[in-house]
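Hi,

Here is the structure I promised to pass on. Have a look at it first, and then read on for what turned up.

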Amino acid sequence: MSTEKKFVASPESKAKAKQLRLFAILAWLVAMAGQIFAIFKLISDEMLTYLIIAIVVILILALVGSTLWKKANRLDPASEKDKVKFFIQNQLGAIMGVLAFLPLVILILTNKDVSGKTKGIAGTIAVIAMLVAGIAGIDFDPPSIEKYTEQINEQTDVVKKLNFDNDNVYWTKAGNRYHIFDDCQHIRGRDEINNGSVKTSWDEKGISELCKTCQNRAMRDRNISEEDLKVLETPMTE
Ligand SMILES: [Zn+2]
């Protein structure tokens, strides 16, 4: 193993993550406001249609929030060292997804002024929306500084094996892979091609992996077998 390279999110990644988190929080705030409005104005037999529309809108907002939140965590992950912070930061989307509906669900089911039919329809839809928002918000494979660090070190070793001991790769802003060859078909002709170490690509983009086309080309051109690489390879993080 080479010397441990520790993942450090670049200032740009941190700024982008901050912006995504801000939008996520905004989406959740609007979802909460929508829920409060629904609780006070829409729980009645006459307003059933509007209540259903409100539930759908709140669900969309909750999903947008948790998607942005997860994206931010991939650019600027938490450390596993602080267990509580790690859990909350990674699972906040699920927590907010449930909170966006739970009070509404309780108040629909306990309301004395609405008919059983309204209760049944609105209650069922709200419970389903709560489950969808909650489950979609869960991060089943939460990113962490430690996981990224491990990946960087493993991938650096693979790239060096493939690239004459050279830790130098290319990547574009939009792609989620880095390349060994700057003329790889997937990046050739792009306006902006960055290059640097494997670690730099992770620091700047969050999760990253080696382009398969480049890997195969390097293996073929340089007579490197699967076996040569396998010693180091471990399953990739999604
Ligand atoms: Zn490539």
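A residue counts as buried here if 20 or more other C-beta atoms lie within 10 Å of its own. Please keep in mind that this is a predicted model.

With that cut-off, the buried residues of helix H3 are Gln 89, Asn 90, Leu 92, Gly 93, Met 96 and Gly 97. Their cover includes H1, H2 and H5. H3 itself runs over residues 83–99 and has a kink of about 65°, centred on Gln 91.

The axes of H2 and H5 (residues 116–137) come within 9 Å and cross at roughly 5°. Angles under 35 degrees count as roughly parallel, so H2 is roughly parallel to H5. On the H2 side, the residues in this contact include Leu 48, Leu 51, Ile 52 and Ile 55, while H5 brings, among others, Thr 118, Ile 121, Ala 122 and Ile 125. Sorted by class, the contact of H2 with H5 has 15 nonpolar and 3 polar residues, with no charged ones.

Now for the chain as a whole. The domain assignment gives domain 1 (11–137) and domain 2 (145–230), and their C-alpha centres lie 38 Å apart. Each domain puts 7 residues into the contact between them. On the domain 1 side, helices H1 (11–42) and H2 (48–75) each supply at least two of the residues that touch domain 2. By class, that side has 2 nonpolar, 2 polar and 3 charged residues.

Conventions
Residues are numbered from 1 along each chain as its sequence is written. This is a predicted model: local features need pLDDT of at least 70, side-chain atom pairs count only at pLDDT 80 or more; totals for chains, interfaces and linings use all residues. Domain bounds come from an automatic or database domain assignment. Two residues are in contact if their C-beta atoms, placed from the backbone, lie within 7 Å. Helices (H or I, at least four residues) and strands (E, at least two) are DSSP runs, numbered from the N terminus. Ala, Val, Leu, Ile, Met, Phe, Trp, Tyr, Cys and Pro count as nonpolar, Asp, Glu, Lys and Arg as charged, and the others, Gly among them, as polar. Axes are lines fitted to C-alpha atoms, for helices over the stretch in contact, and angles run from 0 to 180 degrees between N-to-C directions. Angles under 35 degrees count as roughly parallel, over 145 as roughly antiparallel, 65 to 115 as roughly perpendicular and the rest as oblique. The bend at a residue is the angle between axes fitted to the seven residues ending there and the seven starting there. A residue is buried if 20 or more other C-beta atoms lie within 10 Å of its own, exposed if 12 or fewer, and partly exposed in between; C-beta atoms are placed from the backbone.
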